[in-house]
Amino acid sequence: MVDRSNWLASLPRSAAAALAQVWIPVGLPGFSGREKADRRARLDARYGPDGWRLAHLVRGRVVSPAEAIREYEEAYRVFLHVRRPLVAFLAEHCGNVYDESVENVLDESYEQPHTASNHYQDIAVRRVIGELADDPAWPEVGPTEAGEVELLDLGTGRRHRVPRAYGFRGDALLQIREPDSTGFMLSPAVVPVHDPALITTLPGRQEWYHLEGCGHLSVEAFWQMSKVVEVRYDRFLAVGEARADPLGSGGD
């Protein structure tokens with residue numbers, strides 16, 4: 001009788017080598033937030049650091065986060081391009097934007113292994129406004145000099161000395177986060193996804209972004225619902241009966 005838990009061991013070494021190059025999606029992790037480090041540790045222990053990776057399903061293809069984040073940024077680009085009064089407010093009155101902590105203003109890359117939780121919306125807004133600052137068709141925005149300035153956080157009333165974002169000439173610091181944050185109008189739950197082909201749903205799952213803004217039609221919903229964990233197939237087979245709970249979440 002075939003041992004379903006270790007059938008790979010009965011095959012030639014070349015078969016195992018081939019399957020080591022095959023990656024399969026094994027589950028939808030959803031929003032992680034501050035559990036990012038715990039998830040990484042759990043999957044590292046189960047599959048090895050080189051045995052799993054995050055990916056996204058975009059228009060029927062499994063793609064890297066770097067490719068998927070371009071869709072996220074494009075949603076912000078489309079959103080802001082048709083909201084000139086909002087662009088004018090950001091350029092004239094704000095000096096920078098952030099998500100969870102003021103230190104977010106220091107990050108320019110969407111790759112954030114050093115952060116407790118990822119922040120993308122502030123980076124997307126800075127990039128789009130930065131583009132418009134060099135576009136003569138957008139006189140509301142213009143080039144600004146780099147350097148640190150003192151900005152007033154509109155939500156806390158505190159002043160912080162931080163870098164001025166390119167294209168922002170104001171004195172305010174804007175937090176883009178929950179509904180009572182000063183920049184909620186730029187929340188990824190408020191910004192709709194720009195292409196209907198990116199909209200996905202998972203009946204029975206309800207996370208915070210389903211309850212705010214435009215819900216499952218938002219760019220946040222696209223990002224979270226398209227996220228998958230991919231695993232090397234040889235590592236997947238090696239965990240034996242744990243394959244029934246591939247994310248190690250206990251079935252939650």
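Trainee: How many bridges join β2 to β3?
Mentor: Keep in mind that we're looking at a predicted model. In it, β2 and β3 run antiparallel. Leu57 stands opposite Val62 in β3. The number of bridges joining β2 to β3 is three.

Trainee: What is the order of the strands in the open sheet?
Mentor: Four strands make up this open sheet, and their pairing is antiparallel. β1 (23-27) and β3 stand at the edges, each with a single partner strand, so one side of each has no neighbour in the sheet. From one strand to the next, the twist averages 45°. Read across, the order is β1-β8-β2-β3.

Trainee: How far apart are the end C-alpha atoms of helix α3?
Mentor: Let's work out what to expect. Helix α3 covers residues 65-81, which is 17 residues, and at 1.5 Å a residue it should span 24 Å. The model agrees with that, because the end C-alpha atoms are apart by 24 Å.

Trainee: Which elements are included in what covers the buried residues of α3?
Mentor: The buried residues of α3 include Ala68, Ile69, Tyr72, Phe79 and Leu80. Glu71, Glu73 and Arg77 are also among the buried ones. Their cover includes β2 (52-58), β3 (61-63), α4 (84-93), α5 (121-133) and α6 (219-225).

Trainee: What arc do the buried residues of α4 cover around the axis?
Mentor: In α4, the buried residues are Leu86, Val87, Leu90 and Ala91. They sit on the same side of α4, because the arc they cover around the axis is only 130°.

Trainee: Stepping back, what percentage of the residues in the protein is buried?
Mentor: The protein has seven helices and eight strands. Its C-alpha atoms fill a box of roughly 75 × 35 × 35 Å along the principal axes. Of the 252 residues, the buried share is 46%.

Methods:
Residues are numbered from 1 along each chain as its sequence is written. This is a predicted model: local features need pLDDT of at least 70, side-chain atom pairs count only at pLDDT 80 or more; totals for chains, interfaces and linings use all residues. Side-chain values use heavy atoms; hydrogens and water are left out. Helices (H or I, at least four residues) and strands (E, at least two) are DSSP runs, numbered from the N terminus. The expected span of a helix is 1.5 Å times one less than its number of residues. Buried means under 20% relative accessible area, exposed over 50%, partly exposed in between (1.4 Å probe, protein chains only). Contact means heavy atoms within 4.5 Å. Two strands pair if DSSP finds at least two bridges between them. Axes are lines fitted to C-alpha atoms, for helices over the stretch in contact, and angles run from 0 to 180 degrees between N-to-C directions. The arc is that of the directions from the helix axis to the C-beta atoms.
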